Amino acid sequence: IQYRYDVSINAYVKDADGNYAQADVMGLFTKMAESSGYVTSSYLSMVNSMSSRFSSIQIWDEILPGSNGELISDLIYDQYDLVYGAWPSNENEVVLVLNERNEVSDLVLYSLGLITAQDMMDTITKAMQGETIEIVNHAWSYEEICGITFRLLADTDYYADTDGDGIYEDISSDSNRMTLLLDNARQITISGIIKPNPDSTSTALNGYICYTKGLTEAIIGEIDSSDIVKLQKSDAYANKNILSGLPFEIDEKTGLTDAEKAEQIREYFAGLSDKQKTETYIDILSKAPDSYVDGLVSAQMARYDTREKQEALIAQNYGMSSEEIHDFLTPYSDEELTQMIKGFIEEMIKTSYAQQQKAAVEEAITTPSEEETDALSAMTLMMLRSREAKEAYILSKWRESSGLSDEEISTYLSAKTDEEIDGITQFLAREDAVARYKSMVEPTSDIAYAKGAALFDAHIDACDEHTLAGYYDAYMPDQVSRKTRDEVLKSLGYTSLDSPSSINIYASTFENKDVIADVITNEYNKSVPEEDRISYTDYVKILMSSITTIINVISYVLIAFVAISLVVSSIMIGIITYISVLERTKEIGILRAIGASKKDISRVFNAETTVIGFGSGLIGILVTLILIVPINIIIRAVSGINNIGAILPWAGAAILVGISVILTLIAGLIPSKLASKKDPVIALRTE
């Protein structure tokens with residue numbers, strides 16, 4: 001019996017570049033997803049599709065424990081051979097599982113730190129894009145493999161009370177803290193290397209790096225004794241989410257009206273800083289209306305109404321040839337490809353709209369108001385009191401923009417009146433004021449944020465209750481924790497040894513398997529309430545049911561052929577016996593003449609058919625025993641399973657001989673009956 005728990009194996013290993021990498025397949029695809037930006041949004045969807053295909057690959061797996069408290073079951077020792085090193089003797093030791101050819105996949109090599117994340121991502125990206133991948137065979141000695149060490153973090157290690165306010169924050173994005181954590185984390189070593197025994201028809205390990213139940217129990221104990229779990233379980237945090245600081249329950253009404261939502265969101269927005277107001281304003285304006293998006297998507301999709309045009313669009317975005325993208329997209333149906341293109345175009349439109357709105361807001365908050373422009377331009381005009389100073393100022397500005405010479409500009413200005421010179425100077429001073437203001441005020445400056453906040457306040461004041469209710473749903477922070485106390489503890493990896501998530505039961509025989517299923521179904525589940533009943537899956541039964549169905553179909557077909565053969569052979573035996581009766585008619589007459597009864601005649605022919613059936617049965621058994629030898633040799637060579645083979649039990653052989661005797665006896669009953677009814681006189685006259 002193996003008890004399974006929801007325990008995460010957060011193992012890290014140093015790769016060839018000396019960087020810590022998560023020793024897990026899904027960790028690799030997470031990196032690929034994080035490394036992809038907007039430009040490769042469809043690449044991100046392909047990464048997600050690829051990760052779903054590889055999600056069934058299990059790198060880490062727990063070894064089946066022994067029945068008497070041993071770390072490893074005898075079943076594992078029977079199914080696997082130790083190639084190098086030693087079996088794990090404590091919770092900090094693991095084994096690497098090879099295949100029959102002493103190989104592991106690239107994904108396992110990445111998990112061992114022998115291939116860098118970048119090399120692995122490059123290989124997978126080439127595979128997704130249909131590029132040719134150069135196959136490189138790597139080889140490592142057993143000693144090198146057993147020198148690999150992992151660092152293991154518990155789920156609780158990713159959280160810390162950084163501010164000392166009793167609220168724990170996720171620190172997994174802090175590379176420096178993570179490196180420090182990993183340098184001091186639990187160390188896991190590979191103690192040995194194993195591979196399946198050639199004589200094993202099945203194996204109990206599904207992963208490639210396998211650990212003992214001791215590690216599972218150690219992680220559970222470490223999480224249970226952590227400060228964050230102790231606090232969350234304490235009375236002080238009985239109604240407080242330790243990760244967010246929000247209560248689990250609030251004693252107030254729910255289901256607010258639009259007016260109530262509008263009032264509360266106004267109060268919330270009023271308490272935001274200028275920076276937060278500006279960012280919220282940009283976020284509100286960046287959401288493109290559905291009608292706008294739908295209209296542009298429809299217009300764009302009309303341009304890509306054939307599969308060839310859609311493939312050309314994807315090829316253009318990825319820099320691939322038409323042949324490469326065609327081969328890569330072959331598995332996708334026309335509908336799937338159309339939806340992919342539609343999603344890609346929709347995302348482009350939304351992103352472009354958001355960028356335009358952000359640029360418009362930044363332009364607005366970095367542009368001076370009329371009052372600010374007047375003030376700045378006045379400062380410039382104060383220094384330009386004489387006509388000569390004004391003409392020199394105009395000359396300096398026009399020299400760069402007009403392309404005219406100084407003499408031409410001076411000639412032009414000399415013909416202007418003082419009022420016209422003043423007008424030109426004031427215009428240029430205002431342009432200069434706007435340019436100087438923009439050079440001084442960045443979109444992230446306090447002045448810009450103050451203007452953004454003013455625009456946001458004006459926007460909120462102009463909104464109706466329905467619009468504000470929508471903002472409440474989108475921007476109002478949670479007032480209550482979205483998770484229950486148990487869900488928070490579960491997210492921290494907390495579990496109890498008394499509450500396994502699943503139980504694997506390995507029966508020694510098929511009969512015992514049925515007994516166990518019967519006990520669960522008919523004894524335990526019927527004696528407890530529905531919520532306490534055990535839900536179990538008989539994987540062997542599911543597998544065997546389909547195999548049994550196939551075998552039954554084949555058996556029925558073979559039985560039909562055998563039945564036809566038996567009927568034909570019985571008829572032939574009857575015909576042969578009848579011919580024998582006809583050929584021995586005179587002999588029958590002689591036997592009757594010397595005193596043989598009708599029953600004696602029947603017994604003679606019945607005895608003959610019995611002897612024929614017995615002899616043919618023995619011959620069939622001997623032929624079967626002879627043919628079994630080469631047939632078994634051929635089956636073992638083809639299947640590669642050495643312990644498979646056909647046998648003929650002696651009891652079965654005896655039954656087959658008995659069936660042969662009975663069938664021949666039945667086939668000879670009618671001819672023997674006809675022989676017993678022959679008239680002796682007529683029979684003696686027969687030549």
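Two aromatic rings of Phe, Tyr or Trp count as a pair if their centres lie within 6.5 Å. Keep that cut-off in mind for the close-ups below, which come from a predicted model.

**Figure 1. Six aromatic residues gather in one cluster.** The members are Tyr 268, Phe 269, Tyr 281, Phe 456, Tyr 471 and Tyr 475.

**Figure 2. Tyr 84 and Tyr 142 make a tilted aromatic pair.** A ring pair is described by how far apart the centres are and by the angle of the planes. Here the centres sit 5.7 Å from each other, with 35° between the planes. The two partners come from distant parts of the chain, 58 residues apart. Tyr 84 belongs to strand S5 (residues 80–85), while Tyr 142 belongs to helix H6 (residues 142–145). Are these residues buried, exposed or partly exposed? Tyr 84 has a relative accessibility of 34%, so it counts as partly exposed. Tyr 142 is partly exposed too, with a relative accessible area of 27%.

**Figure 3. Tyr 292 and Tyr 353 pair up across two helices.** Their ring centres are 5.0 Å apart and the planes meet at 55°, so this pair is tilted. Because Tyr 292 is in helix H12 and Tyr 353 is in helix H15, the pair ties together parts 61 residues apart in sequence. What about exposure? Tyr 353 counts as buried because its relative accessibility is 15%, under the 20% cut-off. Tyr 292, at 33% relative accessible area, is partly exposed.

**Figure 4. Helix H12 crosses helix H15.** Which residues of H12 make the contact? They are Tyr 292, Val 293, Leu 296, Val 297, Gln 300 and Met 301. On the H15 side, the contact residues include Ile 341, Ile 345, Ile 349 and Tyr 353, along with the charged Lys 342, Glu 346 and Lys 350. Taken together, the contact has nine nonpolar, two polar and three charged residues.

**Figure 5. Asn 552 sits in helix H24.** This helix covers residues 539–583. Asn 552 counts as partly exposed because its relative accessibility is 31%. How far is Asn 552 from Gln 118? Along the sequence they are 434 residues apart, and in space their C-alpha atoms are 52 Å apart.

How values were computed: Residues are numbered from 1 along each chain as its sequence is written. This is a predicted model: local features need pLDDT of at least 70, side-chain atom pairs count only at pLDDT 80 or more; totals for chains, interfaces and linings use all residues. Side-chain values use heavy atoms; hydrogens and water are left out. Helices (H or I, at least four residues) and strands (E, at least two) are DSSP runs, numbered from the N terminus. Buried means under 20% relative accessible area, exposed over 50%, partly exposed in between (1.4 Å probe, protein chains only). Axes are lines fitted to C-alpha atoms, for helices over the stretch in contact, and angles run from 0 to 180 degrees between N-to-C directions. Contact means heavy atoms within 4.5 Å. Rings of Phe, Tyr and Trp (its six-membered ring) pair if their centres lie within 6.5 Å; planes under 30 degrees apart count as stacked, over 60 as edge-to-face and the rest as tilted.
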